[in-house]
Amino acid sequence: MTVRTRFAPSPTGYLHIGGARTALYCWLEARHRGGEFILRVEDTDRERSTPEAVQAILDGMAWLGLEYEEGPYYQTRRFDRYREVVDQLLAAGKAYYAYETREELDAMRAEQMAQGLKPRYNGYYRDRDEPVRDDPNRVIRFKNPKSGPVVFDDRVKGRIEWRNEELDDLILWRSDGHPTYNFAVVVDDIDMRITDVIRGDDHVNNTPRQINLYEALGARVPQFAHLPMILGPDGQKLSKRHGAVSVLVYQDEGFLPDALLNYLVRLGWSHGDQEIFSRAQMIDAFSVDDVNVAAARFDLDKLRWLNQQYMIAAEPGTLAPLLADHLRRIGLNPADGPAPEEVVVAMRERAQTLVEMAEKSRHWYGPLAGYDEASQRKHLTEAAREPLALVRDKLAQVSAWDVATVNQVLSDSAQDLSIGMGKIAQPLRVAITGSAASPSIDVTVYLAGRQRALERIDAALERLG
RNA sequence: AAGCUCUUCGUCUAGUGGUUAGGACGUUACCUUUUCAAUGUAAAAACACGGGUUCAAUUCCCGUAGAGCUUACCA
């Protein structure tokens with residue numbers, strides 16, 4: 001039988017870190033076992049679902065490169081099918097109408113809580129043979145078995161057992177004429193022949209009821225795998241302050257999708273001592289059976305480190321357009337400076353994100369924002385005048401403009417003046433970049449371009465005098 | 001309140017009835033270097049607690065504590 005997994009987000013928000021990892025694990029499990037991955041949008045909650053959120057999820061999936069064989073399916077387009085199934089259940093006596101108002105249900109719960117009981121529906125209408133009546137509060141409830149155990153072997157949490165006494169008769173069909181989530185998922189997962197349900201562990205509690213539904217419908221129960229949560233750095237539930245923002249903000253912040261995926265795959269899963277996984281390696285090594293049981297915290301530092309590893313390993317040409325884009329975002333024109341590809345090579349060991357890379361490269365594309373206070377005081381001193389002037393002259397005269405030529409000019413100058421390279425490099429660096437930290441000095445000068453380099457040296461010399 | 005679940009360095013994790021409890025991020029040194037990085041080397045850093053079982057428990061069992069999830073006509 002073909003393995004089929006699905007990612008089934010509800011479009012009430014964007015695709016966040018937790019959702020992205022669930023999607024990744026579903027995708028990996030399908031890929032690893034040569035199966036199919038399906039995307040299904042659970043939009044039965046019409047109040048909270050929005051088309052923007054649907055688009056945000058689709059965009060997030062696309063950016064991460066988690067392609068699906070089927071979908072997106074939309075639950076709102078399958079209402080006829082749910083109606084059909086609920087009617088079957090009704091006809092078979094496996095479901096019934098109930099008429100309590102919300103207030104009555106709330107009161108029931110409150111009373112049970114007060115008695116220290118687990119709150120649940122008391123089944124008042126379950127075995128009443130009343131004629132069906134029209135009522136604004138009319139819902140359809142499932143006849144959950146009254147006794148016996150419900151057992152399942154969760155692929156990450158192991159064996160979980162429930163007693164049917166703990167469960168109540170869940171609502172399948174709301175009074176507003178819509179199916180409920182617990183009903184729609186089961187119908188969908190059956191119809192879509194899902195073999196492995198991989199989802200967040202906030203769903204473990206729904207699983208026994210769903211299993212009962214599968215059985216009432218005479219369907220084969222799929223395998224379940226409940227993934228632990230991802231927590232914020234403080235161990236609290238992920239909030240907007242942490243990572244509960246759209247994965248697309250990671251794009252905005254200069255992360256590579258493969259780096260994010262690599263980070264996420266290791267959050268709750270590991271394979272020996274390996275930290276870096278290409279997509280192919282992930283697919284090869286991954287199994288939900290090896291996923292951890294405990295919740296994990298999101299650690300931005302490690303993501304940043306991984307992102308840099310990916311930037312260093314990437315073909316510079318593939319990063320160039322991304323860097324150009326980030327330069328534009330901070331108001332710079334990539335055409336006003338060196339080829340982004342060359343900047344990538346110079347800067348990838350000095351930046352952990354593309355945003356950082358763009359920021360640290362501003363001085364090659366736009367005017368100097370000013371000199372770093374301490375660097376200026378230390379290096380733009382009277383002692384720098386002679387070397388700067390000499391270098392300026394030589395740079396103005398050389399016929400070629402490349403790293404080797406610049407390097408030659410600098411070492412010649414050092415020799416001419418009988419001083420160490422540092423005495424030339426540091427003042428020059430401050431002159432060109434405004435700070436004492438940059439790539440090697442020949443590259444730094446080369447990337448500035450001859451005209452800009454000469455202008456900056458002139459400006460620095462003027463400052464001295 | 002009840003049901004379900006979780007607990008190894010600060011963080012992500014490996015691991016086993018007998019290990020110097022391993023790796024990675026981060027941190028701190030050192031090396032390198034004209035700066036800053038990157039790389040390399042090294043160091044500090046963990047089995048939540050209490051009882052059992054056992055010759056021996058981080059590992060198995062039971063409690064305690066802490067944390068999470070669910071108890072919706074949300075998903």
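Predicted model: local features only at pLDDT ≥ 70, side-chain atom pairs only at ≥ 80, totals over all residues.
Q: What puts the buried residues of α16 on the same side?
A: Their directions from the helix axis answer this. Val406, Val409, Leu410 and Ser413 are the buried ones, and they cover an arc of only 95 degrees around the axis, so they lie on the same side of α16. Ala404 and Gln415 are on the other side. The cover over the buried residues includes α15 (385-397), α17 and α18.

Q: How do you know that the reach of α16 is close to the expected value?
A: Helix α16 spans residues 403-417, which makes 15 residues, and 21 Å is expected at 1.5 Å a residue. From its first C-alpha to its last, α16 reaches 21 Å, close to that expectation. Just after the helix comes Ser418, with a positive phi of about 55 degrees.

Q: Why is His226 called buried?
A: The cut-off for buried is 20 or more other C-beta atoms within 10 Å. His226 has 23, and is therefore buried. You can find His226 in strand β10 (residues 223-227). Leaving out residues up to four places away in sequence, His226 touches Asp154, Val156, Lys157, Arg199, Asp201, His203 and Val204.

Q: What makes Leu428 stand out in the largest nonpolar core?
A: This core has 107 residues, and Leu428 is one of those that touch the most other members, along with Leu24, Leu260 and Leu323. Helix α1 (residues 17-32) gives the core its largest share, nine residues. Not counting residues up to four places away in sequence, Leu428 touches Leu388, Val391, Ile441 and Val445. As a general background, nonpolar side chains in soluble globular proteins tend to be buried together.

Q: What makes a residue part of the surface near RNA strand B, and which residues are closest?
A: A residue belongs there if its C-beta atom lies within 6 Å of the strand. In this model 61 residues surround RNA strand B, and the closest are Ser10, Glu42, Ser175, Tyr181 and Ala425. Among the elements that give two or more residues to this surface are α4 (102-114), α10 (300-313) and α17 (421-433). By type, the residues there divide into 21 nonpolar, 17 polar and 23 charged.

Note on methods:
Residues numbered from 1 in each chain as written. Chains lettered and ligands numbered in written order. Helix = DSSP H or I, 4+ residues; strand = E, 2+ residues; numbered from the N terminus. Nonpolar A, V, L, I, M, F, W, Y, C, P; charged D, E, K, R; others polar. Core = buried A, V, L, I, M, F, W, Y, C linked by C-beta atoms within 7 Å. Buried ≥ 20, exposed ≤ 12 C-beta atoms within 10 Å, placed from the backbone. Contact = placed C-beta atoms within 7 Å. Expected span 1.5 Å × (residues − 1). Arc of directions from axis to C-beta.
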